[in-house]
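I opened this entry to record what I looked up, item by item. The sequence and the coordinates come before my notes.

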Amino acid sequence: HLEQGACALKLAARMLQTLRSNGIYDDSMVMIIADHGSGVHFDKTERVKDGPPIDHARPLILVKPSGI
């Protein structure tokens, strides 16, 4: 899973660099949304400190508003 995450972030970085290279980064709104988060399948009563049970999804959401 780490390799998949690293590859996805490299692709996102390449997309952002392409926007910069084409001079449209500042005027573009960019949203990157994962369809699911990572889940660790242990006992459902086990918790991350001050968080939900560790088998819950934590999807990635990144937003870059236009004009920034």
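I call a residue exposed when its relative accessible area is over 50%, and buried when that area is under 20%. Asp35 has 71% relative accessibility, so I list Asp35 as exposed. The model is a predicted one.

Loop. I looked up where Asp35 sits and found it in the loop between S1 and S2. I also checked Asp35 against Leu60: the two are 25 residues apart along the chain, and their C-alpha atoms are separated by 8.1 Å.

Overall layout. I count one helix and two strands in the chain. Read from the N terminus, the order of elements is α-β-β. The chain has 68 residues, and 16% of them are buried. I looked at contacts between residues at least 6 apart in sequence, and 46% of these join residues at least 24 apart.

Helix H1. I noted its extent as residues 2–21, which is 20 residues. From first C-alpha to last, H1 reaches 28 Å, close to the 28 Å expected at 1.5 Å a residue. Which residues of H1 are buried? I find Ala12, Leu16 and Leu19. Viewed down the axis of H1, these buried residues fall within an arc of 50°, so they line one face of the helix. As a reminder to myself, an α-helix has 3.6 residues a turn, so residues three or four places apart point the same way. I then looked at what covers the buried residues of H1, and S1 is included in that cover. On the face turned away from the buried side, I list the exposed residues Glu3, Lys10, Arg14 and Ser21. Just after H1, I note that Gly23 has a positive phi of about 70°.

Nonpolar patch. Which residues make the nonpolar surface patch? I list Met29, Met31, Ile33, Ile61 and Val63, for a patch of about 540 Å². Strand S1, residues 30–33, and strand S2, residues 61–64, each supply at least two residues of this patch. Is Ile61 buried or exposed? Ile61 counts as exposed because its relative accessibility is 56%, and the cut-off for that class is over 50%.

Note on methods:
Residues numbered from 1 in each chain as written. Predicted model: local features only at pLDDT ≥ 70, side-chain atom pairs only at ≥ 80, totals over all residues. Heavy atoms only, no water. Patch = residues over 30% accessible without salt bridge, like charges linked within 9 Å, V, L, I, M, F, W, Y side chains within 5 Å. Areas by Shrake-Rupley, 256 points an atom, 1.4 Å probe, with all protein chains shown as cover. Salt bridge = Lys/Arg side-chain N within 4 Å of Asp/Glu carboxyl O. Helix = DSSP H or I, 4+ residues; strand = E, 2+ residues; numbered from the N terminus. Buried < 20%, exposed > 50% of the residue type's maximum accessible area, 1.4 Å probe, protein only. Expected span 1.5 Å × (residues − 1). Arc of directions from axis to C-beta. Contact = heavy atoms within 4.5 Å.
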